[in-house]
Structure formats: structure tokens, C-alpha cells
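Hi,

Here is the structure I promised to pass on.

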Amino acid sequence: MKIFQVAILLGVVALLWGLNFFFEENINPYILRVIINCGIGMILAMSLNLVNGCAGQFSLGHAGFMGVGAYMSATITTVLNLSPFFQTDLGVGCAIVTGGIAAAIAGYLVGLPSLRLKGDYLAIVTLGFGEIIRICFLNIESVGGARGLSGIPPKSNFFWVYLWVVITFVALLRLLRSSYGRAILSVRENEIAAESMGIDISRYKIVAFVVSSFFAGIAGGLFAHLQSFIDPNSFVFNKSIEAVIMVVIGGMGSLSGAIFGGIIVSLLPELLRVFEQYRMVIFPLILIILMLVRPMGLLGHKEIWEIFRKKASS
Amino acid sequence: MILLKTMTPRAFLAFGILAIFLNFGCVKKEGGSLSSSANVPTGNEIWVGEYGSMTGSESTFGVSTHKGILMALDEVNKAGGINGKKIQLKSYDDQGQAAEAVTIITKLITQDKVSLILGEVASSRSIAAGTVAQQYKIPMVSPSSTNPKVTQVGDYIFRVCFIDPFQGSVMAKFAINNLKLKKAAIFRDIKADYSVGLANFFVDEYKKMGGEIVADVSYSGGDMDFKSQLTSIKGKNPDVLFIPGYYTEVGLVARQARELGLKAVLLGGDGWDSEKLTEIGGDAVVGGYFSNHYSHEDKSPVVQNFVAQFKARYGEVPSGLAAQGYDAAMVAVDAMKRATEMSPKAFREALAQTKNFQGVTGMITINEERNAVKPAVVLKVVGPQKFSYITTINP
């Protein structure tokens with residue numbers, strides 16, 4: 001079994017590596033960038049799905065954690081100027097993981113007091129925290145303040161972003177299938193019932209929140225090293241809303257749904273560029289229609305393979 | 001892992017072989033994928049790209065600039081274009097987001113194959129997108145990004161506005177030559193690059209011209225109470241008080257200065273340019289002077305002609321951003337006309353050699369740092385939301 005898993009890992013890495021070269025040579029850089037943006041969108045959507053979809057807690061501060069990851073990793077690679085190592089692919093990778101850890105710590109600190117709240121109140125508190133984090137960056141001069149931070153090594157390519165998409169997907173899938181995941185799901189279904197079964201609700205809420213923040217931080221780090229420029233404006237409230245839309249479109253609680261949501265929300269605005277100024281009118285219109293047709297999101301609570309299996313068996 | 005479990009190891013072997021195949025299958029293209037040879041205009045058209053904030057919270061900036069650019073290019077095309085080639089404009093909206101700006105400038109360069117890019121008002125987005133333009137070696141002309149860092153991105157990035165600190169020397173010249181006042185105090189926002197840059201240039205120029213700086217104190221943006229600093233300034237009895245800040249603080253400073261009985265003439269930069277200035281400062285700011293890029297009240301025929309045409313086309317008085325959008329397009333057109341051949345590289349060379357180009361916002365010369373050397377106008381605050389044109393100061 002071990003060997004089998006290693007083979008899978010190597011196969012996926014080799015495939016991504018090959019695709020990376022193939023795309024860089026044969027695909028228009030703009031289209032490639034859109035594909036990479038979709039990848040970052042997927043990571044964001046999958047991570048938020050854990051809190052909003054699986055744990056049933058409504059968080060509106062996801063952009064804040066993305067910002068923490070972006071600023072932390074960019075600080076390591078760009079501002080601190082520690083060693084040339086942090087200009088290499090591997091160094092940037094380390095910086096991005098550090099950014100994820102920083103975001104997880106921020107998630108823990110934010111989650112501890114706020115997860116005692118429920119529903120709308122939690123949404124407002126997380127929204128507030130997201131804005132506080134952003135305004136902190138706005139006022140820290142050493143990371144550029146309102147001017148933004150430029151000159152970040154542009155190391156995020158197809159390979160790195162999609163490797164993280166795979167890691168996020170597998171990690172979250174394994175988490176959801178573990179006892180932790182079951183506990184998290186039970187919190188969503190009925191807190192009182194879960195508690196009476198001996199589940200420490202606030203602990204599992206925080207677990208979900210911290211893991212979600214970690215991957216949001218990773219998405220932020222990848223984003224920073226893709227754009228090679230970040231400013232506090234990149235992590236406004238709208239970005240959090242975007243992540244929520246991804247989750248809702250895909251289906252709350254469905255990991256594969258979040259992937260579809262991430263793709264749709266990242267891709268549609270680019271496809272709609274032909275409509276110029278009306279783009280931002282048509283985009284929400286499509287979202288509204290989608291919500292009217294599929295109120296539970298594209299996949300609902302289910303995963304895509306569950307749907308296919310059912311069809312095959314019936 | 002159901003998905004993965006259903007796959008046999010053979011499938012993964014196939015994956016691996018496919019991956020290796022892909023690796024070898026792609027032959028490196030000549031010149032690498034980053035060459036801009038594809039962006040050489042062919043046929044009877046030259047494609048020019050524009051990106052700006054047409055929607056979002058800063059949409060007025062983008063829309064004004066767009067109107068100016070559109071009017072300029074229409075004029076050029078009506079007059080026969082560039083050596084018989086018509087200019088086609090491709091413009092995209094970046095919603096005021098740096099990430100969007102980076103994506104669409106990539107689109108403009110690699111998909112629409114534009115040979116030159118006009119854009120963006122906000123310095124942060126100009127820096128972000130400029131990095132891409134520099135990477136692909138496509139010249140970019142910013143109409144109104146004043147932060148010094150914008151053109152430091154690389155040798156393909158230009159601007160047709162002056163940089164922030166230049167306004168400091170303009171106001172120093174104005175104080176000495178026009179107002180004949182030789183004792184100045186500085187009150188700078190220590191947290192803002194913009195303010196510190198303006199203050200430093202003011203001090204240098206003022207001293208060079210024989211003025212005396214009697215006080216140089218600072219505040220932090222966001223402060224509400226400035227009385228202690230103003231009291232110390234009052235003790236030095238200056239003729240002018242230079243406050244290179246933004247309108248919110250300037251209004252408060254002006255009020256408190258007058259309350260303390262400070263009589264000095266107030267001077268400032270384009271951070272004053274807002275309707276809010278007189279709303280916050282009231283009568284205290286009336287009589288103050290500040291520098292700006294352009295004034296539609298300027299009596300010179302170039303400006304009046306532009307204003308008349310703009311009014312006829314859009315039914316409104318052109319803002320400074322529209323004038324600068326117009327100038328950015330015109331400077332680019334002028335460079336394309338002078339270029340030795342039709343290629344982004346030649347356009348860059350020609351842009352770098354721009355000298356004494358008569359634009360709406362003044363004579364524009366591009367210096368070796370790819371910044372515009374051009375005059376600034378000085379406006380006087382005459383009443384609630386009313387600024388009147390006083391003079392033009394040459395560099």
C-alpha cells in the first residue's frame with residue numbers, strides 16, 4: 001500500500017511538471033495565467049468550504065487570512081532579504097508554507113473568541129477581523145503600506161499552484177473522512193446532538209477554522225508570488241465575498257463542488273470581458289440564475305463521484 | 001481516495017509516460033516565449049492597449065482618463081493616423097484591483113498583441129502592471145501616476161506627469177518669485193512618502209533661492225490635534241506655512257492655525273485638490289495656494305481649445321485626469337510618428353527622446369529617468385469649493 005501511494009504521488013508530480021512545461025511553451029501566457037488563477041480560486045474555495053460548508057460556521061473573513069499568508073511569505077522573500085535561497089523555487093515554497101502557518105496562527109487567535117458566536121454574529125465578527133488584518137497591513141510602512149509591496153519573485157507557476165491544489169484536496173478529503181471530519185460534520189448538523197454525544201464543539205470548530213486559515217494563507221502566498229505585487233486593496237471584503245460565492249455556487253460542504261465554484265468564479269469574469277462595462281452586471285445575473293436553478297449549489301452536499309456512482313448503480 | 005483507488009498502477013505508469021512525452025514533445029520556441037516580436041504592428045492598424053478603473057470605487061479616475069485618450073486617438077485617426085496607419089484602442093477595466101490589472105495587461109500584450117500601453121492613474125496598479133510590460137518589453141505610458149517608484153520599474157515605463165516631489169520645488173519658487181516671502185515653516189506628514197518628498201524638495205529649492213526655513217515640524221496622518229506643533233511654529237513667525245499633506249489634515253491644520261492667530265500664507269500640493277478641502281477647512285484655507293497638474297481656467301489657447309472640444313464631445317468640463325489621458329495618448333502618438341520603425345522597441349526609443357512636446361498640461365520633456373519634466377500650475381483657494389488659476393511655474 002505504501003509503495004502504491006508513493007507511486008501515485010510521483011505520478012501526479014510528474015504529470016503536473018510535464019503539463020507545466022507543455023503549457024508554458026504552447027499556451028498563451030494570458031490563458032495560462034487565468035488557469036493558474038483558477039487554481040488559486042480552487043484552494044480558496046476548498047479551504048473556506050471546510051468552515052462554511054462542513055462545519056456550518058459562516059465566516060466572512062477569508063480574505064484576511066489570505067492576506068496574512070501573502071504578506072508573511074512576501075515579507076520573507078522580499079522585505080527581509082535573508083539569503084538568496086529565498087529567491088529560489090524551494091525557498092519561495094518554504095516562505096509560502098510559513099505564510100500558511102502564520103495564517104493558521106491568526107486563524108487560531110481570531111477563532112478562539114469569535115467561534116463562541118453563531119450565525120450572523122459570527123459572520124460580522126469574522127468580517128471585522130478580516131478588515132482589521134487588512135488595515136494593519138495598510139499601516140505597516142515596512143511592507144509598503146497603501147503603496148503595496150512590489151518586486152516579489154514571480155515563482156508561482158502552474159506546477160506549484162496545482163501541486164498545492166492537489167495537496168489541499170487530498171488533505172481536506174482525508175480530514176473529512178477521519179474522526180475529526182465526522183466530528184466537524186456533526187457540529188454542522190446539530191450542535192446540541194453533537195455535544196450530547198461527547199464532542200467538544202468549540203474544539204472542532206477551531207480545528208476547522210485553523211486548517212481553513214492555513215490553506216487560505218497558502219493561497220495568499222501563491223497569489224503574492226504569482227502577481228509579484230500585493231497591496232492591502234487585494235484583500236478587501238469583496239475578496240471574502242468572492243470566496244463565499246465560490247463555496248455557495250459549488251454546493252456547501254462539497255469538496256469537489258468547491259473546486260467547480262473556484263473555477264466558475266475565477267473564469268467567468270474573464271470570459272465575460274467581451275461585454276466590457278456590462279461585465280459586472282452580467283456576472284451577478286448568471287450567479288442569480290444559477291442559484292435559482294440550483295439553490296443547493298452545483299453539487300449540493302454531495303461529492304461529484306457520489307453522484308456518478310449513484311447514476312451508474314441505478 | 002475512491003477516485004484514486006479505482007485507478008490501477010498501470011494508469012499511473014501511463015500518466016508518467018505522458019508527462020515525459022509532454023516534456024520532450026515541446027520544442028523551445030525561437031527567442032523564447034517572452035519576445036515581443038509578435039507585437040510589431042502589421043497591416044494598416046496599430047493596436048494600442050489601455051487599462052484603467054472603469055468600474056469600482058475609483059471609476060471616475062478611469063473613466064475621465066479613458067475619455068481623454070479616446071478623444072486624442074480619434075483626432076489622430078481623423079487626421080490620417082500615423083503614416084497612414086490607423087490607431088485601434090483596446091481598453092479593459094481593472095475594477096481598481098492590482099491583480100486584475102496584472103491579468104489584463106498580460107492579455108493586452110500576449111493576446112491582443114498591442115504595441116504600446118496607456119494606463120493607469122493609481123501608482124500601485126501602474127507598478128504592478130508595469131512589471132509585466134517591462135518583462136515583455138512593451139512601452140507603457142502612465143498618464144497620472146505620480147509616485148517616483150513607477151518609472152523605476154524599468155526602461156519601458158514612462159509617464160507624462162511630474163513626480164510628487166517636484167511640486168515641492170514648484171511651491172518654493174512660487175513663494176519666493178511670486179509672493180516674495182522669504183521666511184517659511186514646514187509642516188509635514190511624517191508617515192506619508194508623498195508629504196516627506198514634497199517637503200524635502202521645498203526645503204532644498206527654497207534655501208537655494210535665498211529663503212530661510214524657520215521651522216520644520218511634523219505630524220502623523222490621521223492626527224486631529226496640531227496645536228502644540230502650530231504654537232511652536234507661531235513662535236518663529238514665518239511668512240508662509242507649507243503643508244504638503246492631504247486635504248483632511250490640511251483643513252484641520254488650517255483651522256487650528258487661524259485659531260492660534262498664525263497669519264502665514266498657506267501653501268500645499270495636489271493633495272489639497274478636493275471639494276472636501278473647504279468643507280473641512282472653512283474660511284481658514286481661503287487664500288491658500290497649491291500646485292496642480294492642470295487648470296481648465298488656464299488662458300493659453302492650447303488649453304482653451306482642448307476644453308472647448310472636450311465640452312462639445314462629452315458635455316462636461318475636462319478634469320485634470322482627462323487632460324493627462326489626452327496628453328499621454330498624444331505623447332505616445334508623437335513617439336510613434338518619430339519612431340524609426342514600427343516596433344515596440346523603436347517606440348520606446350522615440351518615447352525616451354520626447355522633447356518639448358506641447359501638450360494640454362504644458363511642454364513635456366521626458367528625462368533620463370523616464371519622468372516628464374513639465375510645468376505645474378498654481379491655484380488659489382478663493383471660496384467654498386472654488387479654486388482659481390494663478391500662474392504656471394516652469395521647471
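Let's start with the domains: chain B splits into domain 1 (38-162 + 300-375) and domain 2 (166-292), with bounds that come from an automatic or database domain assignment. The centres of domain 1 of chain B and domain 2 of chain B, taken over C-alpha atoms, lie 33 Å apart.

Before you dig in, some housekeeping. This is a predicted model, where local features need pLDDT of at least 70, side-chain atom pairs count only at pLDDT 80 or more, and totals for chains, interfaces and linings use all residues. Residues are numbered from 1 along each chain as its sequence is written, while chains are lettered from A and ligands numbered from 1 in the order in which they are written.

Chain B overall: along the principal axes, its C-alpha atoms fill a box of roughly 85 × 60 × 40 Å. It has 13 helices and 15 strands, which are DSSP runs numbered from the N terminus (helices: H or I, at least four residues; strands: E, at least two). Of the 395 residues in chain B, 52% are buried (20 or more other C-beta atoms within 10 Å of a residue's own; 12 or fewer is exposed, in between is partly exposed; C-beta atoms are placed from the backbone).

Now some strands. In chain B, β9 (residues 265-268) and β10 (residues 289-292) pair in the parallel sense over two bridges; pairing takes at least two DSSP bridges between the strands. B:G268 has B:F290 in β10(B) as its bridge partner. With helix α10 (residues 276-281) of chain B, β9(B) and β10(B) form a right-handed β-α-β unit (clockwise from the first strand over the helix to the second, with the strands pointing away from the viewer). β10(B) also runs antiparallel to strand β14 (residues 376-383) of chain B, joined by four bridges, and B:Y289 sits opposite B:K380 in β14(B).

One residue I looked at is B:I176, in helix α6 (residues 166-178) of chain B. Beyond its neighbours within four places in sequence, B:I176 is in contact with B:K182, B:Y206, B:M209 and B:G211, contact being C-beta atoms, placed from the backbone, within 7 Å. B:V377 is 201 residues away from B:I176 along the chain, with their C-alpha atoms 16 Å apart.

Cheers

Definitions and conventions: Contact = placed C-beta atoms within 7 Å.
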